[in-house]
Amino acid sequence: MTMLNVERIKLFSTRSPYWCLASIVFAGFGFATLFALVDNGHAAIPYLILRGVNLGMSIFMVLAALAITTEYRFGTIRNTFLATPRRPAVLAAKTLLLALIGGVTGLVVSVGCFYLAKALAQDPPLPLELSSGDDWRQVAGYGALFAIAGVIAVSVGTIVRQSAGAIAIVLLWPLLFESLFTLIPTVGPKVGPWLPFTAADKWVSPTNSITDVFQSSSSGPTPVQGLLVFAGAAAVLWVVAVLVLQRRDA
Amino acid sequence: MIEAIGLTKYYGKTLAVDDLSFTVRPGAVTGFLGPNGSGKSTTMRLILGLDNPTRGSTKVAGHRYAQLSKPLTQVGALLDANWIHPNRSARSHLRFMAASNKIPVSRVDEVLDIVGLSSVAKRAAGKFSLGMKQRLGLAGALLGDPQVLLFDEPVNGLDPEGIFWVRTFMKNLAAQGKTVFVSSHLLSEMALTADHLIVIGRGRLIADSSTEEFIARSTQTSVRVRSPRLPELRSVLGQAGLAFTDADNALIVTGAPSEQIGDLAGAAGITLHELSPQSGSLEEAFIQLTGDSVEYGTSRAVSGQGGFAVQPPPQPAGFRPPGAMRQPPPGALPPPQGPPPPLPPSPLPPAPEGR
């Protein structure tokens, strides 16, 4: 609890998290408004309404990566380790804080965007309801994705230590690397859907037949498998980060 | 109390600290002296558990730093005043450190007051001048009211007023019975601040003695003698077995007090026009001691004919409890005319115990 509080003070006594959170809200609600209004909301299914929230997830990863890389950039990581020499505890607290912030942000923004689109869209292809578990998964599922993305970004930031490098990785990995990977013949289409960010997208993808048209292929992981792959990747990266952190000179 | 035992640190293939052992005791300011790049900062980082030693170990307050619970309440350190987030306020900077060791927020305001930063506590630390950053760093070191304090070059880049403030500050801490370990590459600064000195060069221990003793045995004294009857004086001095060198119309006699030279000249009936003791500067002494151990040295132009002979490191002398503050030793003298006085060929004279 103490450590969590320390990380909270550190994070919110600088300006960048506020800017990043504001950008996430802006991106999420912007896209939701767009999809709800264009063509009377004819394309307003949750998966598309929330594409802006998906973009917000990248912004959140920048926030999370910066939370650790700025400590290296300005040397405050040493102050932190002087105050708490148990480095795994420091990383655990920082990761937990960002996972919590991510979870809340993802949940609030996605549900907010959903209701905004529901209010604005006049002719959605399917009624915009949050009744079944499947409905909730496609919307509130972003809470889990943000939390796990936060863990990945903090781990990458810890391993790389440089802001530019860490940001490049957390942005290019989902946006560029995984989409290019699927272009590789034979291996790409088989392995591609199981890569962490592609798999994570399954967790918020529609499964019913009407919206199958928006899905590139029906192969690959189920939503739950997708979430597990994403969480597994985060866990592996985090363990690597702890080992590196423990071994390295601060 | 800080202990280092056989401390060794390699960065890749570079040896930064080489089998260093020493003890820093409470109730005194202990200076940690060495040229740039001699391993002072590395040693401090090793003591504080920021870097892992290749071999050897360190203990602070009886434990490895990593094993201390609430370390800020036992050890305070200022290694680099620039370890601050430029957009974070001074108060927030201290607040997160305080929170991590369950130090009440009231203490944050207290230390800000001690270092005189209360009025700018809410301002972003990145806008601070170097002096203010140093003060903020000192405030951080004092947060937990620790018994052991480490400062790495705390007066670097400060104006005279700031230097005086830091110096007084460290002496006061030592007077309260705390262990104060402060590094510097300036012997003249340490002469005014430290009671005890640990001197290193290229990561190795060169001396571990009281400041007084270190200065006394490392500064070379010589006597300049002028006389209208120099040739006769030369033979008199030669018969007495004294070493001297010629310097335009004068002799520089080494290894003898001015009294002895005056008496010799008087006994031989030689008139003297000048008889002046000259003591080498602290900087010269320091260069002599660490000359071999400067990592990025230039070929020294002043060395003359083997003038600044490099001396093997003397055995560390036993610890001497700090005495009352000394008068500062004479500062840098103008460079002696002519070739520098030759040094005694032997290692430094053995340190007299219990002087």
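The buried residues of H5(A) are A:Ile77, A:Asn79, A:Thr80, A:Phe81, A:Leu82 and A:Ala83. The model is a predicted one.

Me: Why does H5(A) count as largely enclosed by the rest of the structure?
Reply: A residue is buried if 20 or more other C-beta atoms lie within 10 Å of its own. Among the buried residues of H5(A) are A:Phe81 and A:Leu82. H5(A) is largely enclosed because the residues of this helix that are buried number 6 of the 8.

Me: Which elements of chain B do the buried residues of H5(A) pack against?
Reply: Within chain A, the buried residues of H5(A) pack against H4 and helix H6 (87–120). On the side of chain B, their partners are E5, H2 and H4.

Me: How many residues of H2(B) are buried?
Reply: Helix H2 of chain B covers residues 90–100. Its buried residues include B:Arg91, B:His93, B:Phe96 and B:Met97. The helix is largely enclosed by the rest of the structure, because the buried residues number 11 of the 11.

Me: Which helices of chain A do the buried residues of H2(B) pack against?
Reply: In chain B, the buried residues of H2(B) pack against helix H3 (105–114) and helix H4 (130–142). In chain A, they pack against H1 and H5.

Me: Which residue just after H2(B) takes a positive phi?
Reply: The phi in question is about 55°. The residue that takes this value, just after H2(B), is B:Lys102.

Me: How many residues of chain B are in contact with chain A?
Reply: Chain A brings 22 residues to this contact. Helix H1 (2–12), H4 and helix H5 (76–83) of chain A each supply at least two residues of that side. By class, the side of chain A has 9 nonpolar, 9 polar and 4 charged residues. The residues of chain B in contact with chain A number 30.

Me: At what angle do H4(A) and H7(A) pack?
Reply: H4 of chain A covers residues 51–74 and H7 of chain A covers residues 133–160. Their axes are 8 Å apart, and their crossing is right-handed. The angle is about 35°.

Me: How many helices and strands does chain B have?
Reply: Of the 355 residues of chain B, 43% count as buried. Among contacts in this chain between residues at least 6 apart in sequence, 74% join residues at least 24 apart. Chain B has 10 helices and 13 strands.

Me: Which strands stand at the edges of the open sheet of 3 strands in chain B, each with a single partner strand?
Reply: The order of this sheet is E2-E1-E4, with antiparallel pairing. One side of each edge strand is left without a neighbour in the sheet, because each has a single partner strand; these are E2 (14–24) and E4 (55–60) of chain B.

Me: Which residue in E2(B) stands opposite B:Ile2?
Reply: Strand E1 of chain B covers residues 2–11 and pairs with E2(B) in the antiparallel sense over 7 bridges. Helix H1 (residues 40–47) of chain B packs on the sheet, touching E1, E2 and E4 of chain B. The residue opposite B:Ile2 is B:Val24.

Me: Which strands are the edge strands of the open sheet of 6 strands in chain B?
Reply: The order is E5-E6-E7-E3-E8-E9, and the pairing is mixed. Within this sheet, 5 bridges join strand E6 (residues 148–152) to strand E7 (residues 179–184), which run parallel. Each edge strand pairs on one side only, and these are E5 (75–78) and E9 (204–210) of chain B.

Me: Is B:Gly201 buried or exposed?
Reply: B:Gly201 lies in strand E8 (residues 196–201) of chain B. Its C-alpha atom is separated by 4.9 Å from that of B:Ser38, 163 residues apart along the chain. Because B:Gly201 has 24 C-beta neighbours inside 10 Å, this residue counts as buried.

Conventions. Residues numbered from 1 in each chain as written. Chains lettered and ligands numbered in written order. Predicted model: local features only at pLDDT ≥ 70, side-chain atom pairs only at ≥ 80, totals over all residues. Pairing = 2+ DSSP bridges. Helix = DSSP H or I, 4+ residues; strand = E, 2+ residues; numbered from the N terminus. Contact = placed C-beta atoms within 7 Å. Axes fitted to C-alpha atoms, helices over the stretch in contact; angles between N-to-C directions. Left-handed = near helix turned anticlockwise from the far one by under 90°. Buried ≥ 20, exposed ≤ 12 C-beta atoms within 10 Å, placed from the backbone. Nonpolar A, V, L, I, M, F, W, Y, C, P; charged D, E, K, R; others polar.
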